[in-house]
Amino acid sequence: MKVLLINGSPRPNGNTTLALQEMERVFAAEGIEAETLRIGSEAIRGCIACYSCSKTGKCVFDDAVNVAAEKFRDADGLVVASPVYYASPNGTVEAFMDRLFCSTPFDKTMKVGAAVAVARRAGTTATMDALNKYFSISGMPIASSQYWNDVFGRGPGEAAQDAEGLQTVRVLARNMAFLMKSIALGKERFGLPEKEPRAYTHYIR
Ligand SMILES: Cc1cc2nc3c(=O)[nH]c(=O)nc-3n(C[C@H](O)[C@H](O)[C@H](O)COP(=O)(O)O)c2cc1C
């Protein structure tokens, strides 16, 4: 059982890293293989709507998105952690997530998703909402915790003092592990939910 963690911070030893390290320890204790990709300082451009991915099954820009796509395909869960910039995920994370979810043709149904927002003070729930939307359009159950998944700190390392935030992400990781294990059992017993042929309209026809 595998989980892929995306660290959207450009700061290698920033607060997002601390939040994810807390989750990695829980995944290790739960016997779940965890791999973290730090994408925050990569030059990740936005989607150009070329739709070449619909023919090739991968993004035309061969960067961290295509690397993550292969790992995401084999993972049972995806954690996306972003620093909050102007009350949203940072631009790199948004560009990465648009392209990752648009370009990957594999079925994401029942892969578990979790969003983590890291901020100095505000905008965490809006950031979580933005990230959860990638999961909820993809048949991915969303893991939750005892509070919204936010961790607070400004300068690198300050989040170490946010005892409640770190507990929140530990509980999140434990709940996510339970969900991934339960879904694996459910898939064995019942298979994935039946799929309907896709109705695809844009309201005018
Ligand atoms: C461009 C920019 C915009 C930011 N906007 C917000 C914000 O809207 N709300 C907030 O609480 N913190 C904001 N911050 C602060 C970061 O979210 C905070 O420093 C966080 O700890 C960064 O995580 P990191 O250490 O993992 O990079 C902003 C920082 C930058 C660089």
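By class, nine nonpolar, six polar and four charged residues make up the shell around the ligand (Ala, Val, Leu, Ile, Met, Phe, Trp, Tyr, Cys and Pro count as nonpolar, Asp, Glu, Lys and Arg as charged, and the others, Gly among them, as polar).

Trainee: Before we start, what kind of model is this?

Mentor: A predicted one: local features need pLDDT of at least 70, and side-chain atom pairs count only at pLDDT 80 or more, while totals for chains, interfaces and linings use all residues. Residues are numbered from 1 along each chain as its sequence is written.

Trainee: How many residues surround the ligand, and which are the closest?

Mentor: A residue is near a molecule if its C-beta atom, placed from the backbone, lies within 6 Å of it. Here 19 residues surround the ligand, and S9, G14, T16, P83 and A119 are the closest. Helix 1, strand 3 (77–85) and strand 5 (112–119) are the elements giving two or more residues to that shell. Strand 3 gives the most, with three.

Trainee: What counts as a helix or a strand?

Mentor: Both are DSSP runs, numbered from the N terminus: helices are H or I with at least four residues, strands are E with at least two.

Trainee: OK, at what angle do helix 1 and helix 6 cross?

Mentor: Start with the axes: they're lines fitted to C-alpha atoms, for helices over the stretch in contact, and angles run from 0 to 180 degrees between N-to-C directions. The axes of helix 1 (residues 15–29) and helix 6 (residues 163–190) come within 8 Å and cross at roughly 40 degrees. That makes helix 1 oblique to helix 6. Angles under 35 degrees count as roughly parallel, over 145 as roughly antiparallel, 65 to 115 as roughly perpendicular and the rest as oblique.

Trainee: Which residues make that contact?

Mentor: Two residues are in contact if their C-beta atoms, placed from the backbone, lie within 7 Å. Helix 1 brings A19, E22, M23, V26 and F27, and helix 6 brings L166, V169, R170, L172, A173, R174 and A177. Sorted by class, they are nine nonpolar, no polar and three charged.

Trainee: What does F101 touch?

Mentor: Leaving aside neighbours within four places in sequence, F101 is in contact with Y134 and S138.
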